[in-house]
Amino acid sequence: MTVHQTTAAAVVPEVRRARPEERDAISLLLGEAFMEDPVSCWVFPDEEHRRAVHPGFFGVFLDAALRAGWVDVTDDLSAAALWIPVRVEEPGGEGAGESEDDDAIGRQLALAAPGNDRARVVGELTEAAHPGDRSHYYLPNIVAAPGRRGEGRGRALLTPVLDRCDREGMPAYLEASNARSRALYERLGFVFTGTPIDLPDGPRMWPMWREPRG
């Protein structure tokens with residue numbers, strides 16, 4: 001969700017598929033990268049508690065992507081993007097494949113943040129906003145390490161998958177959690193769906209959908 005604007009002079013490491021043994025390192029990257037994210041700060045207002053629970057909390061999304069989709073990383077593990085295919089059976093046709101169980105993710109998030117009503121609210125509101133009528137690739141999280149932002153890592157991670165979407169005729173979906181990341185996604189072809197996710201007395205999220213090009 002948190003991606004920053006590209007700096008032209010930056011040299012971005014090679015992008016590749018994450019390896020299973022890198023799971024713990026990626027969960028730590030996710031936890032650190034989301035420390036200042038507006039939604040995470042709303043869900044976990046106490047900074048010390050947020051730092052302690054973040055790797056496990058975002059590890060739920062990471063495990064879902066490793067299990068049902070894929071994770072792309074830069075070769076130095078300074079940035080990562082999680083993708084989960086959402087498959088919708090066409091009327092009168094065969095289903096395109098398996099998708100991650102949203103209810104299962106919700107249950108695991110509840111275990112990762114027991115008793116946290118704000119985590120439950122985020123889960124319910126994002127699930128309600130998530131389009132369910134067409135197959136697509138879902139990007140739940142994309143991050144760059146705090147010291148590596150603004151160097152083009154987000155764009156480098158996204159471009160190959162969006163090219164794949166164009167070749168396959170597959171839409172893509174995400175929720176932007178700040179105005180800066182929303183602007184980058186718009187430059188890559190994502191369009192705000194028109195109805196924001198407004199957290200109670202908290203920040204706004206923007207559901208965004210990208211139709212395949214060409």
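**Exercise 1. Find what share of the 214 residues in the protein is buried.**

Step 1. Set the cut-offs: buried means under 20% relative accessible area, exposed over 50%, and partly exposed in between, with a 1.4 Å probe and protein chains only.
Step 2. Apply them: buried residues make up 48% of the 214 residues.
Step 3. Know the source: this is a predicted model, where local features need pLDDT of at least 70, side-chain atom pairs count only at pLDDT 80 or more, and totals for chains, interfaces and linings use all residues. Residues are numbered from 1 along each chain as its sequence is written, and side-chain values use heavy atoms, with hydrogens and water left out.

**Exercise 2. Describe the largest nonpolar core.**

Step 1. Define it: a nonpolar core is a set of buried Ala, Val, Leu, Ile, Met, Phe, Trp, Tyr and Cys residues joined through side-chain atoms within 4.5 Å.
Step 2. The largest has 31 residues; Ile26, Leu30, Val43, Phe57, Val71, Leu82 and Val143 touch the most other members.
Step 3. Elements giving two or more residues to this core include helix H3 (47–68) and strand E3 (79–86). H3 gives the most, seven residues. Helices (H or I, at least four residues) and strands (E, at least two) are DSSP runs, numbered from the N terminus.
Step 4. Another core, of 23 residues, lies apart from it, with Tyr137 and Trp206 among them.
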